[in-house]
Amino acid sequence: MVDIGFETYQKILEEAIKELKRTEFRELFKEEISKQEDYVQDCTIDTDLEILIPDSYVESITERLSLYTRLDNCGTEEELQQFHSEMIDRFGPIPPQVDDLFDTVRIRKLSVGLGFEKLILKEETLRCYFINRPDSPYFESDTFRLILEYLQKHTNKAKLKQAGKEFPAGGRRHEVDGRHPRVPKKNGGIR
């Protein structure tokens, strides 16, 4: 525990307990599991965008690492905005890569709430991968139902498909694939 730190140890322990409740002790914790809405713990994002704090903006590598950690620990939109303002005060106008980094953090947090465990944004195409456990109660949740309903009724630019190899219990990973429109900037214009 000394090597990894108390917070990391706590996070690993919590994830291990949740996993045991959902697998080995599923019947015992059935009611608790059905009430949980945190089906996904984190979302990885793979992109061809340049999302980073450039060394030309913050020279010290230790300072950049500290800023990345603080950014990742922002839990609300208000905290993100405060941190954004603090960076402007400390380092000057924010370069586009850092703005994209802030947007990526926002997207990652939203994606976790929507049940996506992986996003790929490359060549203006966004692919969203749902949770990798086909027996997850997520697939019976209101969130999943509303996503399917939206895809069916409100867009013809996205499609839902089962992708990849077979997963345990005969399921497959579900993926939402669609053209990513150009994203409007906060202050107008298009990036």
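Tutor: What follows is a set of questions about labels, each answered by setting a value against its cut-off.

Student: What kind of model is this, and what makes up the secondary structure of the chain?

Tutor: The model is predicted, and the secondary structure of the chain comes to six helices and five strands, which run from the N terminus in the order α-α-β-α-α-α-β-β-α-β-β.

Student: Why is T104 called buried?

Tutor: T104 has a relative accessible area of 15%, and buried means under 20%, so T104 is counted as buried. This residue is found in helix α5 and, leaving aside neighbours within four places in sequence, T104 is in contact with I45 and I51.

Student: How do you know whether T47 is buried or exposed?

Tutor: The relative accessibility of T47 is 18%, and because the cut-off for buried is under 20%, T47 counts as buried. T47 lies in strand β1, residues 44-47, and its contacts beyond four places in sequence are with L121 and K122.

Student: Why is E123 called exposed, whereas E124 is called partly exposed?

Tutor: E123 has a relative accessible area of 66%, and exposed means over 50%, so E123 is exposed.

Student: What makes the phi values of E123 and E124 worth a remark?

Tutor: Phi of E123 is near 50°, and E124 has a positive phi of about 60°, although neither residue is a glycine. Most residues other than glycine have a negative phi. E123 lies in the loop between β2 (116-122) and β3 (125-130), and E124 has its place in the loop between β2 and β3 as well.

Student: Why can I17 belong to a surface patch?

Tutor: I17 counts as partly exposed at 41% relative accessibility, and patches are made of residues with over 30%, so I17 passes that cut-off. Y9, L13 and I17 form a nonpolar patch with about 240 Å² of accessible area together, and I17 is found in helix α1, residues 6-22.

Student: What makes a group of residues a nonpolar core, and which residues have the most contacts inside the largest one?

Tutor: The members must be buried nonpolar residues joined through side-chain atoms within 4.5 Å. The largest nonpolar core has 14 residues, and those with the most contacts inside it are I53, Y57, L71, F83, M87, V98 and F102. Helices α3 (61-73), α4 (77-91) and α5 (96-114) each supply at least two residues of this core, with the largest share, four residues, coming from α5. Beyond four places in sequence, F83 is in contact with L67, R70, L71, C74 and F102. A second, separate core of 13 residues includes V40, Y138, F139 and I147.

Key: Residues numbered from 1 in each chain as written. Predicted model: local features only at pLDDT ≥ 70, side-chain atom pairs only at ≥ 80, totals over all residues. Heavy atoms only, no water. Buried < 20%, exposed > 50% of the residue type's maximum accessible area, 1.4 Å probe, protein only. Contact = heavy atoms within 4.5 Å. Patch = residues over 30% accessible without salt bridge, like charges linked within 9 Å, V, L, I, M, F, W, Y side chains within 5 Å. Areas by Shrake-Rupley, 256 points an atom, 1.4 Å probe, with all protein chains shown as cover. Salt bridge = Lys/Arg side-chain N within 4 Å of Asp/Glu carboxyl O.
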